[in-house]
Amino acid sequence: SKLVQIIPSYMPIFVLSFHDYWKRHKDDSLLVELMPKFQKLIDYLISNITENGLELPGWQFLDWCTGWDNGVPPGNCGVSLFGVLALNSAAEILQNQEIAQKAKDLLDLIVEKYYVPEKQLFADDLQHQFFSEHVQSLAIIAGLTDVKLDTPNLTPCSIYFSYYYLVACSMTKQDNLLNQRL
């Protein structure tokens, strides 16, 4: 593209990828080289936590779904849940309890703002009008268990986001849902 494209959802995804690499290559020189930038990224993510979750500037791409304009969901819950996962991963890498607490605080905020208990679902938006497999999957991966992944009429994940959906199916032992997607 000739245009500058800033895709903030890739920031926490980078942290998750960094964590995956770190788990297998803890003493790798690449990790040592990237660690100062990694720390800056974590500080940046933390500095963008607001009263509504993780709010990063730029194109809020999450997945190419029917009904989502240019891959942007109708709310911020998905990116915020990615933030929780990223901060938990960073806390493990850096052995930093303050970052772990920021992740917990963000998760508590997400539950408060986006969870709809009577539906056992997390809304994509603050108004609780839109619901997707994306947010339910990320909530499950983040450790929230009172979530119904098999609810009809959730905006479905495309193949791009299916990894997270399949992980959530596996974590909740919903082999029927997992097998339907494979």
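Let's start with Tyr-160. Tyr-160 sits in the loop between α5 (133-141) and α6 (162-171). Keep in mind that this is a predicted model. Tyr-160 counts as partly exposed, because its relative accessibility is 37%. Together with Tyr-10 and Ile-159, Tyr-160 makes up a nonpolar patch on the surface. The accessible area of the three together is about 350 Å².

Ser-158 counts as buried, because its relative accessibility is 18% and the cut-off for buried is under 20%. What does Ser-158 touch, once residues up to four places away in sequence are set aside? Asp-63, Trp-64 and His-134.

Now to helix α5, and to Glu-133. Glu-133 is placed in that helix. At 8% relative accessibility, Glu-133 is buried. Its contacts, leaving out neighbours within four places in sequence, are Leu-149, Leu-154, Thr-155, Pro-156, Cys-157, Tyr-165 and Arg-181. Look at Arg-181 in that list. The side chains of Arg-181 and Glu-133 meet in a salt bridge, at 2.5 Å from N to O. Glu-133 is buried, whereas Arg-181 is partly exposed at 32%.

How many salt bridges does the structure hold? Three. You have just seen one. Here are the others.

Take Asp-20 and Lys-23. Their side chains meet in a salt bridge at 3.9 Å, N to O. Both belong to helix α1 (residues 10-24). They are three residues apart there, so about one helical turn separates them. Why does that spacing matter for direction? An α-helix has 3.6 residues a turn, so residues three or four places apart point the same way. Asp-20 is partly exposed, with 39% relative accessibility. Lys-23 is partly exposed too, with a relative accessible area of 41%.

Next, Asp-108 and Lys-104. Their closest N and O atoms are 2.8 Å apart, and they form a salt bridge. The two are four residues apart in helix α4, so the separation is about one helical turn. Asp-108 is partly exposed at 40%. Lys-104 is partly exposed at 44%.

That brings us to α4 itself. The helix covers residues 97-114, which is 18 residues. At 1.5 Å a residue, α4 should span 26 Å. Its end C-alpha atoms are 25 Å apart, which agrees. What caps the N-terminal end of α4? Asn-96 does. A side-chain oxygen of Asn-96 lies 2.8 Å from the backbone nitrogen of Glu-98.

Which residues of α4 are buried? Ile-99, Ala-100, Ala-103, Leu-106, Leu-107, Leu-109, Ile-110 and Tyr-114. And what covers them? The cover includes the helices α2 (29-47) and α3 (77-94). It also includes the strands β1 (49-50), β2 (53-54), β3 (115-116) and β4 (121-122).

Asn-52 belongs in this part of the story. Asn-52 is in the loop between β1 and β2. At 18% relative accessibility, Asn-52 counts as buried. Asn-52 touches Leu-109 and Tyr-114, among others. Both of those are on the buried list for α4. Asn-52 also touches Asn-76, Ser-80, Lys-113 and Leu-126, again without counting residues up to four places away in sequence. Look at Lys-113. Asn-52 and Lys-113 are 61 residues apart in sequence, but 7.1 Å apart in space, C-alpha to C-alpha.

Last item: backbone angles. Gln-120 has a phi near 55°, a positive value in a residue other than glycine. Gln-120 lies in the loop between β3 and β4. With 29% relative accessibility, Gln-120 counts as partly exposed. His-128 has a positive phi as well, near 60°, and is likewise a residue other than glycine. Where is His-128 found? In the loop between β4 and α5. His-128 is partly exposed, with a relative accessibility of 29%.

That's my tour. Happy to go back to any residue on the screen.

Notes. Residues numbered from 1 in each chain as written. Predicted model: local features only at pLDDT ≥ 70, side-chain atom pairs only at ≥ 80, totals over all residues. Heavy atoms only, no water. Patch = residues over 30% accessible without salt bridge, like charges linked within 9 Å, V, L, I, M, F, W, Y side chains within 5 Å. Areas by Shrake-Rupley, 256 points an atom, 1.4 Å probe, with all protein chains shown as cover. Salt bridge = Lys/Arg side-chain N within 4 Å of Asp/Glu carboxyl O. Buried < 20%, exposed > 50% of the residue type's maximum accessible area, 1.4 Å probe, protein only. Expected span 1.5 Å × (residues − 1). Contact = heavy atoms within 4.5 Å. Polar contact = N/O pair within 3.5 Å; in protein donor to acceptor, adjacent residues only side chain to side chain.
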